[in-house]
Amino acid sequence: MRWSGPAAVVGICLLSAVVPPAAAASPAALCRKVGTDDRLRPIPQALVPAAVRLFHLNAMPAAQIRRSTYFRCFEGQVLVCTLGANLPCGMADASRYLAGADRWCAGHPGADFIPRYVTGHDTIYRWRCTGKKAAVTGQPLTVDRRGFIARFWKRADSD
């Protein structure tokens, strides 16, 4: 029997209600396909065990891990990062001039360090006040080729 007209529409609607949509691609499959993509994506449940292992999150509930951990694609590989008080997952700030740090130094001339709440947690530099101006005193963090803080991103196992 061949369906046509309204019967075909009803049949298609019934089938679409019963057949589940195709599952979203796994992070590994997505990254193999796109190569490099700097968009941060929330991790799926399948990456929770990798996040636990890589970031030593044994005591953290899986739901919290999923809310605070992201993945991105780099050269076909899945990289994961877990947010923390001093662990930013976004692009690093490699600027050697911070207007907010200069303003802070104006009120704290000669200070040995500038707090992170002033410089931001994404800066790759250590800062101090030279007189009333902010100055870089070191670079404790490095960036990867895409501009993210390298040590905060770890390669997850592929599926």
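**First stop: helix H5 and its neighbors**

The buried residues of H5 pack against helix H6 (116–119), strand S4 (126–130) and strand S5 (133–138). Before you click further, a word on what is on screen: this is a predicted model, where local features need pLDDT of at least 70 and side-chain atom pairs count only at pLDDT 80 or more, while totals for chains, interfaces and linings use all residues. Residues are numbered from 1 along each chain as its sequence is written, and side-chain values use heavy atoms, with hydrogens and water left out.

Helices (H or I, at least four residues) and strands (E, at least two) are DSSP runs, numbered from the N terminus. "Buried" means under 20% relative accessible area, "exposed" over 50%, and "partly exposed" in between (1.4 Å probe, protein chains only).

Now select residues 99–107, which make up H5. Which residues of this helix are buried? They are Ala101, Asp102, Trp104 and Cys105. Turn the view until you look down the axis of H5: its buried residues fall within an arc of 160° (taken from the directions from the helix axis to the C-beta atoms), so they line one face of the helix. Then look at the face turned away from that buried side, where you'll find the exposed residues Arg103 and Gly107.

**Second stop: the disulfides**

Show the cysteine side chains next. A disulfide here is a pair of cysteine sulfur atoms within 2.5 Å. How many disulfides does that rule give? The count comes to three.

Cys105 lies in helix H5 and Cys129 in strand S4, so the pair ties together parts that are 24 residues apart in sequence. The torsion about this S-S bond is about -85°, so the disulfide of Cys105 and Cys129 is left-handed. Cys105 has 0% relative accessibility and counts as buried; Cys129 is buried too, at 1%.

Next, select Cys31 and Cys73, which are joined by a disulfide with S to S at 2.1 Å. Cys31 sits in helix H2 (residues 27–34) and Cys73 in strand S2 (residues 69–74), so this pair ties together parts that are 42 residues apart in sequence. Are these two cysteines buried or exposed? Both Cys31 and Cys73 are buried. With a torsion of about -75° about the S-S bond of Cys31 and Cys73, the disulfide is left-handed.

Finally, go to Cys81 and Cys89, also linked by a disulfide (S to S 2.1 Å). The torsion about the S-S bond of Cys81 and Cys89 is about -90°, so that disulfide is left-handed. Cys81 is buried at 0% relative accessible area, and Cys89 counts as buried at 2%.

Counting bonded cysteines along the chain, the disulfides follow the pattern 1-2, 3-4, 5-6.

**Last stop: zoom out**

Show the whole protein as a cartoon: it has six helices and six strands. Trace from the N terminus and the elements run α-α-β-α-α-β-β-α-α-β-β-β.

Switch to a surface view. Of the 159 residues, 37% count as buried. The protein exposes about 9,900 Å², with carbon and sulfur atoms supplying 60% of it (accessible areas come from the Shrake-Rupley method with a 1.4 Å probe; for residues, only the protein chains shown count as cover).

Terms used: Contact = heavy atoms within 4.5 Å.
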